Structure formats: structure tokens, C-alpha cells
Protein chains: 2
Amino acid sequence: MDREGIVLDPWGTSHVKDYRRLMEQFGIEPLEGELIERLPYKHRLVRRRIIFGHRDLEMILRAIEEGEEYAVMTGIKPSGEFHLGTKLTSEEFIYFLSLSPKARGFFAIADLEAYADNKIPLEESYRIALSNLMDMLALGLDPRRVYVYRQSQEMPVMQLAFIFSRSVTYNTLEAIYGPRPFGLYLSALVQAGDILNPQLPHHGGPKPTVVPVGADQDPHIRLTRDLARKYRGEFGFVPPAATYHKLLRDLTGQEKMSKRNPMGILYLTESLESARRKVMNAFTGGRATAEEQRRLGGEPEKCVIFVELLSTHFLEDDKQLEEWYWECKSGRMLCGECKARAWELIGAWLKRHQERRAKMRDLAERLLEEKTLS
Amino acid sequence: MDREGIVLDPWGTSHVKDYRRLMEQFGIEPLEGELIERLPYKHRLVRRRIIFGHRDLEMILRAIEEGEEYAVMTGIKPSGEFHLGTKLTSEEFIYFLSLSPKARGFFAIADLEAYADNKIPLEESYRIALSNLMDMLALGLDPRRVYVYRQSQEMPVMQLAFIFSRSVTYNTLEAIYGPRPFGLYLSALVQAGDILNPQLPHHGGPKPTVVPVGADQDPHIRLTRDLARKYRGEFGFVPPAATYHKLLRDLTGQEKMSKRNPMGILYLTESLESARRKVMNAFTGGRATAEEQRRLGGEPEKCVIFVELLSTHFLEDDKQLEEWYWECKSGRMLCGECKARAWELIGAWLKRHQERRAKMRDLAERLLEEKTLS
């Protein structure tokens with residue numbers, strides 16, 4: 001390792017916090033200034049720097065400005081219902097699709113991975129993916145602008161992974177991912193295949209592509225960009241652009257979400273009662289006593305309610321968010337009141353989302369069956 | 001390596017000659033005695049011990065005797081026209097299919113491998129496979145008994161390779177194959193997928209399977225048998241049986257056939273004129289001078305004409321073969337006469353084969369398109 005020991009881990013054992021160092025070491029550019037100005041619409045995740053960095057976003061901005069086609073790519077391993085983490089990536093996906101009428105979405109459902117790693121049968125993956133897709137449609141995904149596919153049905157992706165396997169070496173894979181079992185390296189090649197799939201002939205050939213990801217997914221992006229360059233002569237690939245969002249804590253303040261800690265995860269399909277209980281028990285920036293908090297003020301920067309729930313997810317209005325911050329910081333508003341107010345927003349959002357998604361079943365089924373409705 | 005340095009190499013740099021040691025070290029059983037007796041028909045390759053060993057052939061004999069279904073599996077990488085090497089495997093495939101009306105053939109065309117390794121486009125693979133299939137049909141393949149598929153079209157095989165990748169370790173792969181690039185290990189898993197494909201639900205589930213191979217292919221068989229055991233719980237796999245043939249020299253006496261030495265390879269589609277020239281130039285067991293050969297006799301054991309061409313391929317009659325041996329050994333027949341007589345047999349065979357195969361184009365096309373005509 002010549003990178004001072006920082007190996008980002010997309011499979012979840014490391015946790016990245018030092019984004020500046022990350023950007024310097026791996027060449028992720030900050031998303032700021034002129035680039036943000038050129039975005040036709042500034043999503044709250046952009047305004048609040050939750051999307052903090054990018055690679056080659058310039059290329060996508062040019063495509064938007066010149067009315068040229070580009071692809072937005074994302075994927076899920078269908079292992080459970082959508083939660084705040086998958087909501088985040090979905091919103092980014094939908095956002096980049098909304099920026100131009102020439103954008104085309106590609107949504108990969110990694111059912112083979114779910115089977116190989118979690119023993120989830122392909123039919124069960126189908127059921128889960130259907131539910132996930134209902135959420136994405138409720139979040140605003142335009143079904144006429146997206147190509148939805150299951151890994152188990154998309155042979156060209158497997159073909160690409162197979163081709164890539166011939167030129168990639170252990171050394172490359174180990175330098176990017178650290179020492180890993182054989183199967184995870186293969187998954188990495190399949191994911192590279194997924195990311196480049198929009199550029200294959202059956203999807204109209206090479207085009208700018210952007211992949212919104214969490215900071216921990218950068219190894220996949222780097223590998224894919226290397227492979228895109230290596231196979232440029234053969235396929236004409238354009239190395240994919242990417243945007244990076246910060247990694248968020250779970251509701252209990254843990255760095256990494258885990259199903260073993262269900263109180264940490266807010267599912268989009270959760271009952272309001274259960275959701276309310278989780279919000280009310282979330283980790284806050286409160287002080288030891290009410291007296292102390294009135295005197296010193298709260299610590300909203302540390303607070304899951306403020307950072308993860310309000311700022312990242314549920315409070316759109318920047319001015320209101322700032323007021324909220326100062327009400328806490330000044331000690332005027334204590335945690336009990338804050339949580340009650342936060343729940344009003346969150347509960348209302350969840351209720352409306354669940355009503356919307358309930359109407360999306362038929363559409364999601366058609367999309368899964370037909371892959372595209374355009 | 002705990003096997004005293006013997007790592008068989010299915011990708012072609014080692015050459016196995018010491019079959020006894022091979023059998024002892026890796027547990028290949030000799031094909032002899034009672035087992036041969038139980039074969040309903042004794043092919044010349046069996047009678048002459050060119051097929052010298054097996055694993056679990058007992059299981060196939062039982063299926064034959066009890067009228068139970070079994071699979072015969074083979075595959076090719078479509079990289080060129082059929083030659084004597086591919087003729088050998090094809091004949092074995094057809095032979096094991098002929099032993100019972102309940103046998104079903106599976107023929108894999110590794111077009112993805114041909115693309116990844118030899119840059120042969122998939123359409124070109126199709127054209128080559130079509131030509132290869134015409135040869136197999138001319139050699140006697142019953143088109144109603146075989147399922148023919150291209151790797152690029154058979155997603156379940158890729159799925160299996162993907163699943164296997166999760167449980168197989170570097171150590172296992174390195175112990176079997178020696179240190180190898182990542183891509184070749186992946187190919188090995190895909191081949192294991194091909195060999196177990198007949199046992200997947202879409203082909204009717206678990207069944208005895210036999211794979212006729214050259215001795216150098218045993219690593220694939222061992223890996224596949226290990227994987228079959230490992231996934232028995234999940235898929236019900238029966239570890240596949242295999243038969244092994246000796247590795248033959250090319251016409252010029254080289255241990256390993258290579259396209260860089262075209263005089264060494266006799267193609268089944270070759271013009272009679274060109275074929276005749278190659279036979280006439282083949283490596284023989286002749287002595288330095290005619291005088292010496294009359295005095296000492298020839299060395300048919302060393303002779304490509306005798307061992308590879310007559311014994312392995314073109315002289316069916318055992319009694320004639322023995323007479324031929326002694327005519328040479330005694331010094332009565334010199335190489336010129338021998339070659340002329342051999343060419344009569346070979347030329348006649350080639351002519352008849354080429355007439356037959358020319359009539360097989362439509363059938364081969366249907367088989368490639370429809371995969372099965374049963």
C-alpha cells in the first residue's frame with residue numbers, strides 16, 4: 001500500500017470521516033463555487049454540502065447545458081426495505097435525472113449478489129426490489145426515463161465482468177480494496193460492468209454517465225474509471241463521473257447502520273407508531289441536565305435529529321433550518337420540544353410517502369417486468 | 001504445494017506423460033478389467049487404452065444398466081476449425097451418448113472466453129461454432145439428444161460461477177491451478193458452472209454426469225467435484241464423473257499442438273492435398289537409413305503415423321493394426337510405403353467426412369438457434 005494505509009471499504013468495515021484527506025489522497029474534487037452555480041437546480045443535499053465532492057461532474061454539466069444525452073446510474077442489493085440511507089441515494093438519482101430532459105436513468109438490482117451473499121432467493125429479491133421501486137416512484141422517479149434491470153437477467157453486464165477479469169490483476173484489486181476474498185473482487189468487476197452498462201451498444205453506446213454514491217463507494221468508482229480507460233479502444237467508454245455524499249450516522253448515533261441495531265434504522269415502510277418511537281429515542285446533542293442545556297445551549301452539530309433527520313432529510317427550508325439551529329444552540333429549545341416538532345415534520349412526510357407508494361404497485365410491477373416504459 | 005510440484009495445467013504449458021504417477025497422486029482410477037467389460041460397446045479409444053482413466057465411471061455404468069437418465073457434458077472454445085484433438089473429444093462425447101437411450105448431451109460453446117482471451121467477436125464465434133457443430137453431426141452426434149448453448153446466452157452458468165466465487169478461496173484455486181491471473185480463475189469457475197449446468201433445475205435437476213477430457217483437464221474436474229460437494233445441500237449436485245484420454249502429439253511429433261506450427265495440425269476441413277502433404281511429412285519411427293531400418297526394424301511406438309494417426313484415429317480394426325505394427329517392427333515395411341497406405345485410409349476418411357459435414361449446415365444452424373431439437 002502506497003497510500004498511507006487508507007483503503008476505503010465499500011463493504012463496510014471502515015468509516016470515513018476526514019473528507020478533506022480523502023479528497024486529497026484520491027483526487028475527489030470539492031463540489032463548490034462555479035460548479036454549484038451551474039447546476040440548474042440546487043438540491044438541499046447540494047446546498048448543505050451533504051454531497052461534498054465529485055469526479056468529472058463538469059462533463060455532466062456540459063451535457064446538461066448543451067442538451068446532450070447522459071446517463072445517471074445507481075443500483076441496490078435487494079436485501080430489505082428502503083430506509084434513510086437508500087432514500088438519500090434515490091433522491092440523488094432522481095435529482096440528476098431531473099436536471100435535463102436528455103438524462104436517462106439506469107437502475108441495477110443486484111439480485112445475484114443478494115443470493116450469493118445473503119442467500120436471498122431470486123424470487124424474494126424480486127419481491128423486495130418491487131417494494132424498493134414503489135418507494136423510488138413515490139420519491140419522484142419518472143418511470144419513462146429509467147431502465148430497471150435485475151443482474152440475473154442482464155447478460156451484457158456479466159459479459160463485461162468476464163472481459164474485465166482478463167486484464168485486471170490481483171495487485172490492482174488489492175491496492176484498491178485491500179486483501180479480500182475472491183468473490184468480492186468478482187462483485188467489484190460486476191459493479192464496474194453495471195456502471196458501464198449504459199454505455200454498451202444495447203443502450204446506445206458511449207455517453208457521459210454520473211453515479212451518485214456515498215464516500216465509501218469511491219473504490220468502485222476508481223476501479224471502473226480505470227477499466228473504462230483500459231477498454232476505451234474496444235468500447236469507446238467515457239470514464240464515469242461521480243458525486244459523493246457524506247456518510248451519515250444511524251438514529252442511535254452509530255457510525256455504521258446495522259440491521260442488528262433496528263432502533264438505528266428508520267424504514268420508509270415503517271408504521272408511524274414505530275417510527276415515532278425511534279425518533280423520540282434518537283441520539284441528540286443535549287446536555288446532561290435541562291438546567292445545563294439552558295445555560296450552555298445544545299450541540300446541534302452532534303445531534304442526529306438536527307444533522308441526519310432535519311438537515312439531511314426532512315426540513316427543506318434553509319431559513320427554518322437555521323432558526324432551528326439557533327433555537328437549540330442558544331438553549332431556548334430543549335430536546336423534548338425539538339423532537340416533538342421534528343416528529344411533526346417526519347411523521348407527516350412518512351404518512352404522505354406511504355400513501356403515495358401504495359399507489360405505485362402496478363407501475364413498479366410493469367417496470368420490473370418490462371425494464372423500461374419509455 | 002503439497003503435491004510434490006505436480007500441478008496439471010489445463011491452459012497448456014505443462015505436458016503430462018507419467019499417467020501412473022498422475023493417477024496415484026490425484027486419485028484417477030485406471031479404466032480396465034470389469035469396468036471395460038460392463039461398457040455395452042467398447043470404443044477403439046477404450047480398447048486401445050487411449051482413454052486410460054476415470055473418476056466415478058461406475059456411477060454412469062449403473063445408470064446405463066438401470067436405464068436411468070445421465071448427462072454427457074463437453075464444451076469448446078470456438079477459436080478455429082476442428083482438428084484431430086477436437087475430433088477425439090467429440091468422438092468420446094458421441095460414444096458416451098450412444099451407450100444408453102437415456103443419455104442426454106450438453107455441449108457448451110465458450111464464446112465469452114474466446115472473446116475475452118482471443119478477441120474473437122461473438123458473431124465470429126457463432127460462425128466457428130456452426131462449423132464445429134457440422135463436424136460433430138458428421139461424426140455421428142444425434143441432434144435430438146443434445147442441448148447446445150453459447151456461454152453468452154446461458155445466464156444460469158454465469159449465476160453459478162458467481163455463487164461459487166463466494167465460497168472458493170485463493171488458496172484452493174492456487175493449490176489446484178498454481179499461481180494464475182484473476183481471469184483464468186474466473187474461467188475455471190465458469191467451467192465448473194458449465195459442467196454442473198445439466199444438473200440445474202432448468203435441465204431437470206441433479207443427475208449423474210460424465211465429462212470426457214484430456215489428462216491435462218483434471219484440475220477442472222477436481223475443482224468441479226469439490227464445488228458439487230460443497231453445494232450439494234443447496235442444489236443436490238452429484239459430483240461429476242470423468243474419463244481421461246492420453247495427450248497426443250502433433251503431426252510433427254511436438255508434445256503440444258500450436259497454431260504457430262500449422263504443419264502439426266490436421267484440420268477436418270482441410271483440403272485433401274494439404275492434408276496429404278502434412279501426413280507425408282509427419283514424424284515417424286523410422287531409422288536413419290533404409291538399410292538400418294530393414295536390419296533393426298522401425299519404432300512404431302514412437303511413430304506419429306502409427307500411434308496418433310492409425311491407432312488413435314483412422315484404423316478401426318484391431319487385427320489390421322497389429323499386423324501393421326509388426327510389418328514396421330520387423331523392418332519389412334519402410335516409412336514411404338507405410339505413409340502411402342496410411343494416407344489411403346486417412347484421405348478416404350477425410351473425403352467421406354467432408355461430404356457428410358457439407359450436408360449438416362441447416363441442421364447445425366437449427367441446433368444453434370433452438371439449442372435443442374428434442
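Where pLDDT is low, the predicted coordinates should not be read in detail. This is a predicted model, in which local features need pLDDT of at least 70 and side-chain atom pairs count only at pLDDT 80 or more, whereas totals for chains, interfaces and linings use all residues. Residues are numbered from 1 along each chain as its sequence is written, while chains are lettered from A and ligands numbered from 1 in the order in which they are written.

**Confidence**
- Chain A has a mean pLDDT of 93, with 95% of its residues reaching 70 or more.
- For the model, the scores are ipTM 0.85 and pTM 0.90.

**Overall form of chain A**
- Chain A holds 18 helices and seven strands, where helices (H or I, at least four residues) and strands (E, at least two) are DSSP runs numbered from the N terminus.
- The C-alpha trace of chain A spans about 70 × 50 × 45 Å along its principal axes.
- Of the 374 residues in chain A, 45% are buried, that is, 20 or more other C-beta atoms, placed from the backbone, lie within 10 Å of the residue's own.
- Of the contacts in chain A between residues at least 6 apart in sequence, 74% join residues at least 24 apart.

**Domains of chain A**
- Domain 1 (19-247) and domain 2 (262-358) divide chain A, with bounds that come from an automatic or database domain assignment.
- The C-alpha centres of these two domains of chain A lie 30 Å apart, and their contact takes twelve residues from domain 1 and 13 residues from domain 2.
- On the side of domain 1 that touches domain 2, α3 (44-47), α5 (84-98) and α7 (122-138) of chain A each supply at least two residues, and the largest share, three residues, comes from α7(A).

**Contact between chains A and B**
- This contact takes 20 residues from chain A and 20 residues from chain B.
- On the side of chain A that touches chain B, the elements giving two or more residues are α6 (111-118), α8 (155-165) and α10 (182-196) of chain A, and the largest share, six residues, comes from α8(A).
- Because 14 of the 15 residues of α10(A) are buried, this helix is largely enclosed by the rest of the structure.

Definitions and conventions: Contact = placed C-beta atoms within 7 Å. Buried ≥ 20, exposed ≤ 12 C-beta atoms within 10 Å, placed from the backbone. pLDDT = per-residue confidence, 0-100.
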